[in-house]
Amino acid sequence: MALLENQGNEGAERFLKNELAKNKESGTYLFYGRKGVNVERYAVEFAMAINCQEKENDFCGKCKSCIEIEKGIHPDWVDVSRFKVREE
């Protein structure tokens with residue numbers, strides 16, 4: 001699958017594709033933005049592209065890593081939006 005096809009934010013797409021092209025990813029990425037700009041989708045697809053075992057195009061969506069990231073259970077993938085902040 002091609003990374004971030006038609007997601008609508010060319011600046012973010014260009015940055016993430018350049019990160020992948022460098023083949024020297026950082027240890028942590030923080031995806032942040034207002035509702036409606038596909039932040040979660042960008043994060044999931046970018047994580048799959050980095051961790052894909054098959055590397056068909058950017059990611060295959062079928063290997064163990066891609067499936068675990070999509071389900072939110074990959075050990076190298078943490079979606080912090082799932083956690084609620086405790087108010088005291």
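What is the mean pLDDT of the protein chain, and what percentage of its residues reach 70 or more? The mean is 81, and 82% of the residues reach 70 or more; pLDDT is the predictor's confidence in each residue, from 0 to 100. This is a predicted model, in which local features need pLDDT of at least 70, side-chain atom pairs count only at pLDDT 80 or more, and totals for chains, interfaces and linings use all residues. Residues are numbered from 1 along each chain as its sequence is written, and side-chain values use heavy atoms, with hydrogens and water left out.

Confidence is lowest in helix α1 (residues 10–22), at a mean of 84, and highest in helix α3 (residues 64–71), at 93. Helices (H or I, at least four residues) are DSSP runs, numbered from the N terminus.

The loop between α2 (39–51) and α3 contains Cys-63. Cys-63 is buried, with a relative accessible area of 6%; buried means under 20% relative accessible area, exposed over 50%, and partly exposed in between (1.4 Å probe, protein chains only). Leaving aside residues up to four places away in sequence, Cys-63 touches Cys-52, Gln-53 and Glu-54, where contact means heavy atoms within 4.5 Å. The C-alpha atoms of Cys-63 and Cys-52 are separated by 6.8 Å, although these residues are 11 residues apart along the chain.

In α3, the buried residues are Ser-65, Cys-66, Glu-68 and Ile-69. Viewed down the axis of α3, they fall within an arc of 165°, so they line one face of the helix; the arc is that of the directions from the helix axis to the C-beta atoms. These buried residues pack against α2, whereas Lys-64 and Lys-71 are exposed on the other side of α3. After α3 comes Gly-72, whose phi is positive, near 80°.

How values were computed: Helices (H or I, at least four residues) and strands (E, at least two) are DSSP runs, numbered from the N terminus.
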